[in-house]
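Here is a protein model to explore together. Let us ask what lies behind the words used to describe it.

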Amino acid sequence: MKEKIWLSSPHMGEKEMIYVQEAFASNWIAPLGPNVNGFEHDLETYLGHNVHVAAMSSGTAALHMALIILGIKTGDEVICQSMTFAASANPIAYQGATPVFVDSEESTWNMSPEYLEEAIQDRIKKGKTPKAIIVVHLYGMPARIDEIMAIARKYGIPVVEDAAEALGSTFNGKAIGTFGDIGILSFNGNKIITTSGGGALVSTNTDYVNKARFLSSQARDAAPHYEHSHIGYNYRMSNVAAGIGRGQMEVLPLRVQQRRSNYQYYKKAFATIEGIEFLEEPGKSYYSNHWLTAILVKNSNFTREDLRLCLNENDIDCRPLWKPMHLQPVFADAPYYGKDTSERLFDIGLCLPSGSNLSITDLERIVSTVSTIYDYVGVPHLIKTSV
């Protein structure tokens, strides 16, 4: 049997173990420590624009902390992009608030500014001004963040940027995750860099970041004993995990380059296959890390599902796009604004293997398998792919 090709597996460099060994040698295994401080500093330097960073145990924890800091509580409403992973919306429910979902637009697959403003205006008419907006940069593609921020400022609503998939992406040369009032990063095992599990909260507001560090460390007051005036959380990153992150930061630019190279390889290879379209940067302002190479299948001879099954039967991991949150049973009663853009994208969209550790042999095998799809669905093998 051939070795399985994964969608996006961890890719270690040469320095991670050095930082981890330092943590063991100093017996600094417990949460916090020099690696956490160093990792936060590395992220601040990389992102620029005077941001501050609090390293967290996960991107979900960071997003939950963002909503707490913004004062989201039971009965509030929070606008959230519908086409995203559930972790973008779940923290709204943690706070007892109601998500208000907004459809995507065609160019980036991210939140539609048009439907965002429609949602805000309608919720205000209903006497429920949204308390926050969560915009997501799917698959590393920057949203139309300038338009979204302008609308948010117009109505005085804070923005949380879910940049879990977008570290290394930029808009007009500025790092994604630094536009909103608070930004969120993820270092889960499948992300562009990983700490095995981890995340970060990003903001230019030092009070927000200091509050995140305080609340996520069990909210212990300054006292010789354990004194608590606030509800706390165990959300901080460990010194060992942060050591992995420090090593990963040293290869982040290379990882972005490798992911973008995968994308270009696929684009060239599939140029002769009718009806395969790519999520492309809409203009020069957009720079995507191409965390995952995502395609739409519009071929009259085979469907997205045909292609997915063909790849899976050849031990090649691939996934449909995120199923929109407004279609999820758990959020069936939540308000939704838009038409069917995110639904159509979900029906025909597929994520191809995109790990930065894919070899040229892996890529050739994926392309070769895709070229057999006509045989798989029982139609003449009309077109061969070429690289």
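Q: How do you know that helix α1 and helix α8 are packed against each other, and at what angle do they cross?
A: This is a predicted model, and in it the axes of α1 (residues 16-25) and α8 (residues 239-249) come within 7 Å and cross at roughly 155°. The touching residues are E16, Y19, V20, A23 and F24 on α1, with N239, V240, G243, I244, R246, G247 and Q248 on α8.

Q: Why are α1 and α8 called roughly antiparallel?
A: The crossing angle is roughly 155°. Angles over 145 degrees count as roughly antiparallel, and therefore α1 and α8 are described that way. Their crossing is right-handed.

Q: What is the crossing of α2 and α8 like, left-handed or right-handed?
A: The crossing of α2 and α8 is left-handed. The axes of α2 (residues 34-47) and α8 come within 7 Å and cross at roughly 35°. From α2, the contact involves P34, N35, V36, G38, F39, D42, L43 and Y46, while α8 brings N239, A242, G243, G245, R246 and M249.

Q: What makes helix α3 mostly covered?
A: Helix α3 spans residues 59-69, and ten of its eleven residues are buried. Buried means under 20% relative accessible area. The buried residues of α3 are G59, A61, A62, L63, H64, M65, A66, L67, I68 and I69. After α3 comes G71, with a positive phi near 80°.

Q: Which residues touch the most other members of the largest nonpolar core?
A: They are I79, W109, I133, Y139, L185, F187 and L321, in a core of 61 residues. Helix α6 (residues 145-155) gives the most to this core, with five residues. There is also a second, separate core of 32 residues, which includes A89, L201, A212 and A334. As a general point, nonpolar side chains in soluble globular proteins tend to be buried together.

Q: Which residues is I133 in contact with, leaving aside its neighbours within four places in sequence?
A: I133 is in contact with I79, M111, L116, I120, A152, I157, P158, V159 and V160.

Q: Why is I120 called buried?
A: I120 has 0% relative accessibility. The cut-off for buried is under 20%, so I120 counts as buried. I120 lies in helix α5 (residues 113-125). Not counting residues up to four places away in sequence, I120 touches I79, I133, I151, Y155 and I157. One of these, Y155, is 35 residues apart from I120 along the chain, and their C-alpha atoms are separated by 8.1 Å.

Q: Why does T98 count as partly exposed?
A: T98 has 31% relative accessibility. Buried is under 20% and exposed is over 50%, so a value of 31% makes T98 partly exposed. T98 sits in strand β3 (residues 98-102). Leaving aside neighbours within four places in sequence, T98 is in contact with D76, E77, V78, I92 and P335. T98 and L345 are 247 residues apart in sequence and 25 Å apart in space, C-alpha to C-alpha.

Q: How do you know that S356 is joined to H11 by a polar contact?
A: The side chains of S356 and H11 are joined at 2.8 Å, and the cut-off for such a pair of N or O atoms is 3.5 Å. S356 lies in the loop between β15 (349-352) and α12 (360-371). At 6% relative accessibility, S356 counts as buried, because the limit is under 20%. Besides H11, S356 touches R255, Q258, R259 and N262, not counting residues up to four places away in sequence.

Q: What makes the phi of N172 worth a look?
A: Most residues other than glycine have a negative phi. N172 is not a glycine, yet its phi is positive, about 50°. N172 is placed in the loop between β6 (170-171) and β7 (174-175). With 55% relative accessibility, N172 counts as exposed, because exposed means over 50%.

Q: Is H290 buried or exposed, and why?
A: H290 has a relative accessible area of 4%, so H290 is buried. The limit is under 20%. H290 is found in the loop between β11 (286-287) and β12 (293-297). Phi of H290 is positive, near 50°, in a residue other than glycine.

Key
Residues numbered from 1 in each chain as written. Predicted model: local features only at pLDDT ≥ 70, side-chain atom pairs only at ≥ 80, totals over all residues. Heavy atoms only, no water. Helix = DSSP H or I, 4+ residues; strand = E, 2+ residues; numbered from the N terminus. Buried < 20%, exposed > 50% of the residue type's maximum accessible area, 1.4 Å probe, protein only. Polar contact = N/O pair within 3.5 Å; in protein donor to acceptor, adjacent residues only side chain to side chain. Contact = heavy atoms within 4.5 Å. Core = buried A, V, L, I, M, F, W, Y, C linked by side-chain atoms within 4.5 Å. Axes fitted to C-alpha atoms, helices over the stretch in contact; angles between N-to-C directions. Parallel < 35°, antiparallel > 145°, perpendicular 65-115°, else oblique. Left-handed = near helix turned anticlockwise from the far one by under 90°.
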